Amino acid sequence: MASLPTLSPAETLRYSRHLILPDIGLAGQQRLKAARVLLVGAGGLGSPAALYLAAAGVGTIGLVDWDVVDVTNLQRQIIHGTSWIGGSKLDSARARLNDLNPHVHVETFAAKLTSTNALDILRNFDIVVDGSDNFPTRYLVNDACVLLGKPNVYGSIFRFDGQASVFDARVGPCYRCLFSEPPPPDLVPSCAEGGVLGVLPGIIGSIQALETIKLIVGVGETLVGRLLLCDARRMQFRELALAKDPECPVCGTHPTVTALIDYDDFCGVGNGGRATEKDGVEIAPADLKREWTANPELVVIDVREPHEYEIARIEGARLMPLSELAGRLRELDGHAEIVTHCHHGIRSLQAREILKGAGFANVRSLAGGIDAWACEVDPDVPRY
């Protein structure tokens, strides 16, 4: 085993509250300095995780992200600031971490994690912290960690609910043991579509940082084999026991997934998972504006919830929430030309399927939803 790095006098002072903890001490802090941790995503979960890992003295922190800072991020992505809006999330995060702890080395990967680059990026790190917000990336991170023999510190958030666990196929179950199949595409809305309580990723991301530190130092009992559920409404934590699935296609007795696959295809997204405007399924905002002007009888249905309708609306659109649509079909003319819309276009596609299944022949969905309408047609419509 390689010798542990020494601490400088400045580091000894900085980490003094760790050093006097019997369960960490000098050796534990040296292990933290020697550790290499990769965070997938510098967003809601990655922000608190990165900040606390840097503050704790993790020697090398890797960040994978390809996005820019948007004003809507700042409600929860606390590593970024207003001055960084429009700038690279990686540059913003690196600047903040370097300011927080100059003794930490930050490595950045300005790329979307894919089956092509994942193994090369992950293999040089000891632990992977998954802060991704979509199913293809979660399955990709899991499979890459299993193939490389790395622990995967998992977290996810939605509205008021969060989850956390540690997946390590060498000693317990992996993510696929829990979720063998992804949900149908567009069944679970993103944060942009469904919303998320801003403080919740701070709670779950901090748990991910805590689990990572425990893995590095070798103290306590980690979440391997356990799924922690957080209900922020009731401020209640529950725990589910997880078992390794011997039939798991990645970490089971006879694995069938022995290399990284096409995860967009596996999760039913990408080119195969969503129709394009050319298919006659969606209509662009400018085209809707032109057609609606020429044909005032065109029916535009807003399938968002009433509280969203109060925030912003397209003048002339009828509010029929997706949850009520199936029971209100009699209010619509079966021969009408209909365009459904929501916030970003996900729920409106679901609404279109309901209408088509009920026999409505001419139904399209507004591509990009009211957000695209505000950007491309009517800037007076508030964005949210």
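**Entry 1: the end of α4**

I looked at what follows α4 and found Gly 57, whose phi is positive, near 95°. Helices here are DSSP runs of H or I with at least four residues, strands are runs of E with at least two, and both are numbered from the N terminus. The model is predicted, so I noted its limits: local features need pLDDT of at least 70, side-chain atom pairs count only at pLDDT 80 or more, and totals for chains, interfaces and linings use all residues. Residues are numbered from 1 along each chain as its sequence is written, and side-chain values use heavy atoms, with hydrogens and water left out.

I then checked how covered α4 is. Nine of its 11 residues are buried; buried means under 20% relative accessible area, exposed over 50%, and partly exposed in between, with a 1.4 Å probe and protein chains only. The buried residues of α4 are Gly 46, Ser 47, Pro 48, Ala 49, Ala 50, Leu 51, Leu 53, Ala 54 and Ala 56.

**Entry 2: the eight-stranded sheet**

I traced the strand order next. Eight strands make an open sheet, β3-β2-β1-β4-β5-β6-β7-β8, with mixed pairing. Two strands pair if DSSP finds at least two bridges between them. β3 (105-109) and β8 (236-241) stand at the edges with a single partner strand each, so one side of each has no neighbour in the sheet. Neighbouring strands are turned by 15° against each other on average, direction ignored. Axes are lines fitted to C-alpha atoms, for helices over the stretch in contact, and angles run from 0 to 180 degrees between N-to-C directions.

I went back to α4 (residues 46-56) here. This helix packs on the sheet and touches β1 (36-40), β2 (60-64) and β4. Contact means heavy atoms within 4.5 Å. The direction of α4 makes about 165° with that of β1.

**Entry 3: β4 with β5**

I looked up the pairing of β4 (residues 127-130) with β5 (residues 152-158). They run in the parallel sense over three bridges. Asp 130 has Tyr 154 as its bridge partner in β5. Val 129 is bridged to Val 153. β5 is mostly covered, with six of its seven residues buried.

I followed the chain into the loop between β5 and β6 (161-167), where Arg 159 lies. Arg 159 is not a glycine, yet has a positive phi of about 55°. Most residues other than glycine have a negative phi, and most peptide bonds are trans. Arg 159 counts as partly exposed, at 37% relative accessibility.

**Entry 4: β7 with β8**

I found an antiparallel pair next: β7 (residues 226-231) and β8 share six bridges. Arg 226 has Ala 241 as its bridge partner in β8. The hairpin has four residues between the strands, and Met 235 takes a positive phi near 50° there. Met 235 is partly exposed, with a relative accessible area of 48%.

**Entry 5: the five-stranded sheet**

I found another open sheet, of five strands, in the order β9-β13-β12-β10-β11, with parallel pairing. β9 (282-283) and β11 (318-319) are at the edges, each with a single partner strand, so one side of each is left without a neighbour. Two bridges join β10 (residues 299-302) to β11. Ile 301 stands opposite Arg 318 in β11.

I looked for cavities and pockets. The search uses a 1 Å grid over the protein atoms alone. A cavity is a set of points where a 1.4 Å probe fits but cannot get out; a pocket is an open set with protein on both sides within 12 Å along at least five of seven lines; lining residues have an atom within 4 Å of a point. Points are joined across faces, edges and corners, and a volume is the space filled by probe spheres set on them.

The second largest pocket holds about 160 Å³. Its lining is His 18, Ile 24, Tyr 52, Ala 56, Ser 206, Ala 209, Leu 210, Ile 213, Lys 214 and Val 219. α4 and α10 (200-217) are the elements giving two or more residues. α10 gives the most, with five. By class I noted seven nonpolar, two polar and one charged. Ala, Val, Leu, Ile, Met, Phe, Trp, Tyr, Cys and Pro count as nonpolar, Asp, Glu, Lys and Arg as charged, and the others, Gly among them, as polar.

I found one cavity of 30 Å³ or more. The largest cavity has a volume of about 30 Å³. Gly 57 turns up again in its lining, with Glu 11, Tyr 15, Lys 33, Val 58, Gly 59, His 103 and Val 104. That lining divides into three nonpolar, three polar and two charged residues.
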